[in-house]
Amino acid sequence: MTLSSAQTDGNQTSGNQAGWTRVGERSWVRPDGGFALNTGLVIGDERALLVDTGSGPREAAEIFAAVRTLTDLPLVVVNTHAHGDHFFGNAYFRARGVEDIWAHTAAVRMMEETGERQRRMVREFEPEMAAAEGPDTGIDLPNRLVSDQPVDLDLGGHKVTLFHLGRAHTEGDLLVGSGNVLFAGDIVEEGAHPSFEDSFPYEWQKVLGKLIAIDELYTVIVPGHGAVVDPDFVRTQYHRLLQAIRTTTTAIHESSTDYTKAVPVLPYGPVQSRHLILRMKATGPGGARMMLR
Ligand SMILES: [Zn+2]
């Protein structure tokens with residue numbers, strides 16, 4: 001690594017500093033920036049894994065400083081998906097010696113296609129990133145890809161697993177398992193309604209079902225935003241989405257011209273409900289055919 005902090009106690013630190021909360025044996029979480037992104041950190045004996053890099057160089061610099069209060073080890077990065085609040089900090093970390101940035105193949109494609117367009121979303125908190133002006137404001141694409149087969153990363157004495165359960169919040173959502181801790185990205189959302197804008201609602205519900213099916217493996221779930229939750233929370237989110245899909249399906253069938261009448265009875269805010277309906281129309285239940293596993 002090109003930078004290091006004065007602290008040298010590496011992975012022996014217990015956490016609860018610089019905003020970190022310890023959520024597992026070697027796993028930490030820290031909410032950062034204007035989007036209250038949950039950045040994850042897993043510290044092995046030889047390397048540390050950072051889960052998501054923030055919405056631009058300002059937030060990334062805070063995350064990096066916070067990481068260096070816990071460990072001086074070389075960093076590997078993973079992006080859970082292609083939304084700017086999760087990967088716009090990539091260029092900052094790349095400039096500080098990070099070689100491997102992992103993401104799902106479809107997420108990288110989406111970053112490439114929509115990255116420039118997404119800049120305006122961060123203008124309030126990351127004006128340089130929004131304007132593409134100044135250091136570390138490039139759209140830096142992940143160079144290590146995951147598709148349908150899970151990838152195990154050995155961090156030295158501790159293994160993490162990167163895996164994809166199907167399209168959900170976006171086309172390329174990646175999950176990170178570390179011991180009994182699961183970093184779920186925006187597949188799980190706490191404290192706010194789920195974001196359906198780029199979602200595949202029918203498949204998202206199936207992905208949540210798969211998470212419930214493996215709830216004995218992961219007892220601590222770190223959402224992309226909000227408080228750390230347990231499998232019961234995921235179960236509730238699953239049933240709520242199932243109910244919302246049923247309600248919307250009925251509304252679509254009953255009234256092909258004004259299916260938005262379902263909005264007031266859906267269990268989400270009006271904006272999210274409209275996006276849910278639009279995405280259900282756009283992706284359709286047959287979208288499941290596209291799933292590879
Ligand atoms: Zn997202």
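Helix α6 (residues 201-213) packs against helix α7 (residues 231-254) at an angle of about 155°, and their axes lie 9 Å apart. An angle over 145° counts as roughly antiparallel, so α6 is roughly antiparallel to α7. Please keep in mind that this is a predicted model.

**The α6-α7 pair**
- The crossing of α6 and α7 is left-handed.
- On the α6 side, the contact is made by P201, Y202, W204, Q205, L208, G209, L211 and I212.
- Facing them from α7 are V234, R235, Q237, Y238, L241, L242, I245 and T249.
- Sorted by class, this contact of α6 with α7 holds 11 nonpolar, 4 polar and 1 charged residues.

**The α7-α8 pair**
- Helix α7 also meets helix α8 (residues 270-283): their axes come within 11 Å and cross at roughly 70°.
- α7 and α8 are therefore roughly perpendicular to each other.
- The crossing of α7 and α8 is right-handed.
- From α7, the residues in this contact are L241, A244, I245, T248, T249 and I252, while α8 brings L276, I277, M280 and K281.
- By class, the contact of α7 with α8 divides into 7 nonpolar, 2 polar and 1 charged residues.
- L241, I245 and T249 of α7 take part in the contact with α6, and L241, I245 and T249 are also among the α7 residues that touch α8.

**The seven-stranded sheet**
- An open sheet of 7 strands runs in the order β1-β2-β3-β4-β5-β6-β7, with mixed pairing.
- Its edge strands are β1 (21-22) and β7 (144-146), each of which pairs on one side only.
- β1 and strand β2 (residues 27-32) run antiparallel and are joined by 2 bridges.
- Within this pairing, T21 stands opposite V29 in β2.

**The five-stranded sheet**
- A further open sheet has 5 strands in the order β8-β9-β10-β11-β12, and its pairing is mixed.
- The edge strands here are β8 (151-154) and β12 (220-223), and each pairs on one side only.
- On average, neighbouring strands of this sheet are turned by 20° against each other, direction ignored.
- Strand β11 (residues 181-185) and β12 run parallel, joined by 4 bridges.
- For L182, the bridge partner in β12 is I221.

**The domain record**
- UniProt lists residues 36-225 as "domain: Metallo-beta-lactamase", in an unreviewed entry.
- In the model, the end C-alpha atoms of residues 36-225 lie 6 Å apart.
- The span of residues 36-225 is 29% helix and 23% strand.

Key. Residues are numbered from 1 along each chain as its sequence is written. This is a predicted model: local features need pLDDT of at least 70, side-chain atom pairs count only at pLDDT 80 or more; totals for chains, interfaces and linings use all residues. Side-chain values use heavy atoms; hydrogens and water are left out. UniProt positions are given in the numbering used here, feature names are shortened, and annotations may be inferred rather than shown by experiment. Two strands pair if DSSP finds at least two bridges between them. Axes are lines fitted to C-alpha atoms, for helices over the stretch in contact, and angles run from 0 to 180 degrees between N-to-C directions. Angles under 35 degrees count as roughly parallel, over 145 as roughly antiparallel, 65 to 115 as roughly perpendicular and the rest as oblique. A crossing is left-handed if the near helix is turned anticlockwise from the far one by less than a right angle, and right-handed if clockwise. Contact means heavy atoms within 4.5 Å. Ala, Val, Leu, Ile, Met, Phe, Trp, Tyr, Cys and Pro count as nonpolar, Asp, Glu, Lys and Arg as charged, and the others, Gly among them, as polar.
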